[in-house]
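Have the sequence and the model open as you read.

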Amino acid sequence: MIADLFGRKFYMASDTIGAWVMLTLTAILGIILITRAKKWPIIREYATTTHHRKIGVLYLLSATLFFMRAGIEALIIRIQLAFPDNNFWVFQGEKFNEAFTTHGTIMIFFVAMPLLIGLMNVAVPLQIGAQDMAFPYLNAVSFWLFLAGALLVNMSFFMTASPNAGWTLYAPLSTDTYTPSAGNDYYIFGIQVSGIGTILAAINMIVTIVRHRAPGMTLMKMPLFPWSTLITSFLILIAFPVLTIALYILMFDRFFGTSFFSGPEGDPIYWQHLFWIFGHPEVYIIILPAFGIFSDIISTFSKKRVFGYGSMVVALAIIGLLGFMVWVHHMFTVGLGALVNTFFAVTTMLIAVPTGIKIFNWLFTMRKGVIRFSTPMLFAAGFIPTFVMGGVTGVMLSAAAADLQYHDTYFVVAHFHYVIIGGTVLGAFAGIYYWFPKMFGITLNETLGKLHFWLFLIGFHITFFPQHFAGLNGMPRRVYTYTAEDNVFVFNFVSTLGAFLMGIGTAVFVWNIYKSFKKPQKAGDDPWNGRTLEWSVPSPAPEHPFENTPQVVSHDPVWEAKLHRDGELPKASESRTAPIDVVSWQPVMLGSLMLFFSLAFIYHVTWLQVTLGIAVLGFFVVRALTDEHTKKAKEDQAHDNV
Amino acid sequence: MTTYNQDLQGDKKLGFVLYLVGELVMFATLFATFFIFVQDAIDPTPTEVFEARTVIISSVFLLSSSGTIHFAEKAAEIQNRKGIAIWLAATVLLGLAFMGVEIHEFRTYYHEGFTLTQNIFLSSFYILVGLHAAHVLFGIGWMLLLAIQLNSIPSSIYGDKQKIFSYYWHFVDVIWIFIIVFVYAPYLI
């Protein structure tokens with residue numbers, strides 16, 4: 001089918017048409033259901049909110065949505081690879097390239113990132129005794145920029161122009177000479193816009209943690225999730241601007257005729273350096289918060305203070321620091337020389353040391369603890385062996401000489417799924433079960449939660465464990481088929497079965513959320529017998545959570561209060577000014593503006609670029625003239641004058 | 001300062017400084033790009049392109065504007081609105097003068113055939129110096145916005161707004177010094 005739009009022709013394959021039909025039906029159904037349930041006011045409330053808990057929920061909701069989209073892509077990839085010489089639907093060749101590219105891109109940027117940033121938004125201010133994030137308005141702007149970018153990458157499929165150069169967007173394949181269609185432009189603008197949102201979110205987190213802690217909570221009395229958030233935010237602040245510039249340069253190559261990454265003068269290796277100088281810290285950006293979540297959960301459900309707290313903090317910091325010194329281990333096969341490869345192999349292996357410290361500390365936290373295997377703890381317990389396996393293959397890969405064999409095979413695919421799913425995704429699930437009461441005032445169903453855990457974890461290992469062997473047998477990543485003689489059929493077939501088990505597990509999770517809202521089980525303020533400050537405020541967390549600012553005198557202040565003060569937290573004598581929450585349509589408007597501004601670039605509509613560019617700048621004017629601080633200062637002044 | 005809150009303003013200042021850290025990384029990456037691609041530049045080489053005269057004139061304008069914005073800040077501290085207005089106007093004019101010289105410089109290069117796509121040295125030069133120029137332009141717009149608000153908002157909050165702007169403006173100036181030292185000077189001296 002051919003459609004004509006923006007002066008371009010769009011050739012639609014049956015999968016795209018199917019997706020359009022599904023999207024339209026879902027949208028109509030959604031509108032009908034929302035109208036019937038009279039839920040529009042809630043949607044408006046969330047669209048205009050600047051409150052940290054609600055923004056956190058928005059992040060988590062969109063992450064879940066994108067998780068399903070990229071998850072369906074994963075299933076498609078697995079079906080195509082289930083049998084030798086398979087021809088599933090249209091997913092061969094170019095279509096397959098598009099499928100694995102958007103699967104990777106969406107999973108990293110629009111699932112892993114928002115899951116963690118969402119949980120940070122929900123939990124971190126409460127854990128440190130803050131009334132809200134330092135900049136509530138900026139927080140909303142961050143979210144809507146993230147969503148605008150995410151929608152751009154997601155809509156590319158519907159516009160028959162998915163990115164197709166892999167999530168690493170390696171040049172020169174990603175330059176306009178080799179991929180002239182709009183697909184990789186969607187990637188550039190989508191990641192750019194959401195990246196700006198992420199940088200702003202990181203700044204917000206740092207200021208919140210540095211300046212909004214309750215009195216008495218020194219940095220070394222802070223729970224480990226805020227600690228990991230702080231370090232992660234610094235990683236974002238240093239790493240993401242490199243990506244911003246990498247994409248900026250690539251944009252010049254694709255739009256304005258420069259040739260940084262291709263041609264006789266240009267250097268495609270430079271793209272690899274830029275991408276991985278961002279990309280490797282990114283790996284730690286999505287794993288460190290999960291470490292923080294597990295630390296808090298393991299401590300709570302073992303009824304023990306986390307073992308080796310100080311070493312946990314130091315380990316986080318060292319991992320963060322080393323994270324910037326290992327990027328070349330993604331480029332061992334480029335041929336940068338033995339010395340360079342050796343240096344980066346050693347720094348990479350070093351990371352195993354602080355990570356090992358953390359693993360042992362978690363185990364020692366559980367040792368002689370009073371362990372309860374509620375769903376969050378199950379995920380934490382499942383995480384440890386899974387992540388260790390991913391870590392072991394990581395050390396194997398870091399041996400540069402051996403990496404020449406593993407490079408670009410399914411062994412690598414298996415490795416990074418072990419760490420990213422085993423770490424980040426399990427961590428996010430654990431965090432969602434753990435803090436769900438703080439978000440909505442209800443607990444998720446435990447039976448369904450445990451079913452979700454077992455299906456997902458077993459499915460995960462069935463999916464990815466055989467991929468190690470497929471890789472060792474020589475199966476390259478990013479191929480859409482293989483022959484029966486390649487001796488990888490069994491591994492692929494088992495892997496596909498496992499993927500469907502994971503899919504069923506995820507469906508149980510979604511069903512659990514639906515059921516839990518249908519038959520809500522009210523959670524008290526402190527459903528898990530918690531230790532940190534978020535369990536001292538009502539569930540769901542109100543707009544102004546801490547009636548009296550608590551005075552923190554120890555680690556695990558709520559636990560200490562339960563032991564020695566009949567659960568009463570000591571009150572601080574003075575408190576700092578709370579951030580000003582507002583209700584505003586401006587952030588969502590800015591997000592939409594950026595979305596259309598990007599589209600104007602992607603489709604080369606000059607007049608629209610100019611108009612929307614001016615509109616985006618005009619947004620700064622509107623914001624400056626309507627900001628809540630000035631308004632409040634004016635009111636105060638008028639009040640003083642009376 | 002009874003009417004306005006120190007806590008929230010401190011948040012803003014720290015937040016903005018962190019934002020500038022991010023910007024610093026961005027510019028550092030662009031400098032790295034320039035260093036890499038300037039080495040093998042032929043047809044043209046940097047020496048054939050750069051002219052000392054325009055660089056010196058534009059530098060004088062931009063660097064002295066750091067002084068004028070500092071005086072504006074001093075004036076804001078003693079809530080001298082007239083002083084603020086004068087020094088702010090001076091900064092805007094200096095910024096505009098800088099932009100004028102820079103546009104002239106780029107136009108001259110362009111007419112000599114030194115375009116964005118001529119070679120990668122020029123590409124990396126334009127995307128670095130061009131991004132800096134965009135920052136100056138944005139700063140000029142920001143100052144106009146401050147000027148509009150000068151008489152309509154409480155002076156304490158105005159002072160803080162201007163302080164954050166001067167962080168930005170000094171930052172843009174520091175980047176320009178790096179541009180002089182690392183981009184122009186090696187090929188002009």
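Predicted model: local features only at pLDDT ≥ 70, side-chain atom pairs only at ≥ 80, totals over all residues.

Phe35(B) belongs to a nonpolar surface patch of about 610 Å², whose other members are Leu24(B), Leu63(B), Val174(B), Ile177(B), Phe178(B), Val181(B) and Phe182(B). Two helices of chain B, α1 (6-38) and α6 (155-188), each supply at least two residues of this patch. The top contributor is α6(B), with 5 residues.

Now for the charges. Side chains of opposite charge can pair when their charged atoms come close. Over all chains, the whole structure holds 18 salt bridges.

One of them joins Asp526(A) to Lys562(A), with 2.7 Å between the closest N and O atoms. This pair links distant parts of the chain, 36 residues apart: Asp526(A) lies in the loop between β4 (521-522) and α17 (557-564) of chain A, and Lys562(A) in helix α17. Asp526(A) is partly exposed because its relative accessibility is 24%, and Lys562(A) is partly exposed at 29%.

Are Arg623(A) and Glu628(A) buried or exposed? Both are buried, and their side chains form a salt bridge at 2.9 Å, N to O.

## A helical pair in chain B

Lys74(B) and Glu77(B) also meet in a salt bridge, at 3.7 Å from N to O. They are 3 residues apart in helix α3 (residues 52-77) of chain B, so about one helical turn separates them. Both count as partly exposed, Lys74(B) at 40% relative accessibility and Glu77(B) at 46%.

Notes
Residues numbered from 1 in each chain as written. Chains lettered and ligands numbered in written order. Heavy atoms only, no water. Patch = residues over 30% accessible without salt bridge, like charges linked within 9 Å, V, L, I, M, F, W, Y side chains within 5 Å. Areas by Shrake-Rupley, 256 points an atom, 1.4 Å probe, with all protein chains shown as cover. Salt bridge = Lys/Arg side-chain N within 4 Å of Asp/Glu carboxyl O. Helix = DSSP H or I, 4+ residues; strand = E, 2+ residues; numbered from the N terminus. Buried < 20%, exposed > 50% of the residue type's maximum accessible area, 1.4 Å probe, protein only.
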